[in-house]
Amino acid sequence: MTPAPGPAPLDGNAAAGPLSAVLTGDATLAVACCSGCGVAAVLATASVFRSAMGTVVRCSRCAGVLVVVVERPGGTVVSAHGCSWIRVRA
Ligand SMILES: [Zn+2]
């Protein structure tokens, strides 16, 4: 794949500031848009299933998987592959 013309990309450290601003606060107040059905709702209204394997957050309308959180010895892994976007409170 040929990179798009324009400025050279920065390394991941350049995202530290914006990501630090996003990854704090009460996550249940964040609004997530389900990539399955398109509904946008605060995460507090989603359906959550917890087990020893981790936490699965499902859309309250279509039951599609929005977010998966797995706590591991080396850190916590978060996948939000079922969300088109997530808006956090400023
Ligand atoms: Zn949905």
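Predicted model: local features only at pLDDT ≥ 70, side-chain atom pairs only at ≥ 80, totals over all residues.
Good morning, colleagues. I shall begin with the overall layout. The protein contains 1 helix and 7 strands. Reading from the N terminus, the order of elements is α-β-β-β-β-β-β-β. The radius of gyration is 16 Å, whereas the globule rule gives 12 Å for 90 residues, so the protein is more spread out than a compact globule. Along the principal axes, the C-alpha trace spans about 40 × 35 × 30 Å.

Two further figures describe the chain as a whole. Of its 90 residues, 9% count as buried. If we take the contacts between residues at least 6 apart in sequence, 33% of them join residues at least 24 apart.

I turn now to the sheet. Which strands form it, and in what order? It is an open sheet of 3 strands, ordered β2-β1-β7, and the pairing is antiparallel. The edges are formed by β2, residues 40-42, and β7, residues 83-87, each of which pairs on one side only. On average, neighbouring strands in this sheet are turned by 25° against each other, with direction ignored.

Let us look at one pairing within the sheet. Strand β1, residues 31-34, runs antiparallel to β2, and 3 bridges join the two. Here valine 31 stands opposite valine 42 of β2.

Strand β5 covers residues 65-72 and is paired with β6 over 5 bridges. The two strands are joined by a hairpin through 2 residues. Across this pairing, valine 70 stands opposite valine 77 in β6. Strand β6 itself, residues 75-79, is hardly covered, and the count of buried residues among its 5 residues is 0.

As a general point on strands, side chains in a regular strand alternate between the two faces of the sheet.

Finally, I would draw your attention to one residue, cysteine 83, which is found in strand β7. Is cysteine 83 buried or exposed? The cut-off for a buried residue is 20 or more other C-beta atoms within 10 Å. Cysteine 83 has 22 C-beta neighbours inside 10 Å and therefore counts as buried.

Which residues does cysteine 83 touch, leaving aside those up to four places away in sequence? They are Ala32, Cys33, Cys34, Ser35, Leu66 and Val67. Among these, Leu66 and Val67 are contacts of cysteine 83 that fall within the 65-72 range of β5. Glycine 38 lies 45 residues from cysteine 83 along the chain, and their C-alpha atoms are separated by 8.8 Å.

Thank you for your attention.

Methods:
Residues numbered from 1 in each chain as written. Helix = DSSP H or I, 4+ residues; strand = E, 2+ residues; numbered from the N terminus. Rg over C-alpha atoms; globule rule 2.2 N^0.38 Å. Buried ≥ 20, exposed ≤ 12 C-beta atoms within 10 Å, placed from the backbone. Contact = placed C-beta atoms within 7 Å. Pairing = 2+ DSSP bridges. Axes fitted to C-alpha atoms, helices over the stretch in contact; angles between N-to-C directions.
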